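Please examine the model shown below. The report that follows describes its helices, its surface and some of its side-chain contacts.

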Amino acid sequence: MLTLEQIESAILQLPPDEYKKLLEWFADLDYQRWDEQLEKDIADGKLEALAQEAIAEFEAGHSQRI
């Protein structure tokens, strides 16, 4: 397995088009992992308090149309 230092060095040597592809791939991976973590947090009930707070604020009229 490559070390982080080796990976960094290889990235610095990429031609611009390959670097752009790497950035796009990495962004997609990051979004995918974020989505997975969000889904896990929802399933674990970690966002329930925030959801209830938002609903209460809305029902109390503390919202505005955007």
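Helix H3 has twelve residues, and the distance from its first C-alpha to its last is 16 Å, close to the 16 Å expected at 1.5 Å a residue. The model is a predicted one, and the values reported here are computed from it. Just after H3 comes Gly-61, which takes a positive phi of about 85°.

Helix H2, residues 16-43, can be examined in the same manner. At 1.5 Å a residue, its 28 residues should span 40 Å; the C-alpha atoms at its ends are 41 Å apart, and the two values therefore agree. H2 is also followed by a glycine, Gly-45, whose phi is positive and near 80°.

**Residues within the helices**

Asp-41 is placed in helix H2. Is Asp-41 buried or exposed? Its relative accessibility is 16%, and because buried means under 20%, Asp-41 counts as buried. The side chain of Asp-41 is joined to that of Gln-37 by a polar contact of 2.8 Å.

Ala-56 belongs to helix H3, which covers residues 48-59. With a relative accessible area of 42%, Ala-56 is partly exposed. Ala-56 and Ile-42 are 14 residues apart along the chain, and their C-alpha atoms are separated by 19 Å.

**The surface and the aromatic pair**

Leu-2 lies in the segment before helix H1, which is formed by residues 4-12. Together with Leu-4 and Ile-7, Leu-2 forms a nonpolar patch on the surface, and the accessible area of the three residues together is about 300 Å².

How many aromatic pairs does the structure hold? It holds one. The rings of Trp-25 and Phe-26 have their centres 6.3 Å apart and their planes at 55°, so the pair is tilted. An angle under 30 degrees would count as stacked and one over 60 as edge-to-face. Phe-26 itself counts as exposed, with a relative accessibility of 51%.

The table below gathers the accessibility values of the residues discussed above.

| Residue | Relative accessibility | Class |
|---|---|---|
| Phe-26 | 51% | exposed |
| Asp-41 | 16% | buried |
| Ala-56 | 42% | partly exposed |

Terms used:
Residues numbered from 1 in each chain as written. Predicted model: local features only at pLDDT ≥ 70, side-chain atom pairs only at ≥ 80, totals over all residues. Heavy atoms only, no water. Phe/Tyr/Trp six-rings, centres within 6.5 Å; stacked < 30°, edge-to-face > 60°. Buried < 20%, exposed > 50% of the residue type's maximum accessible area, 1.4 Å probe, protein only. Patch = residues over 30% accessible without salt bridge, like charges linked within 9 Å, V, L, I, M, F, W, Y side chains within 5 Å. Areas by Shrake-Rupley, 256 points an atom, 1.4 Å probe, with all protein chains shown as cover. Salt bridge = Lys/Arg side-chain N within 4 Å of Asp/Glu carboxyl O. Helix = DSSP H or I, 4+ residues; strand = E, 2+ residues; numbered from the N terminus. Expected span 1.5 Å × (residues − 1). Polar contact = N/O pair within 3.5 Å; in protein donor to acceptor, adjacent residues only side chain to side chain.
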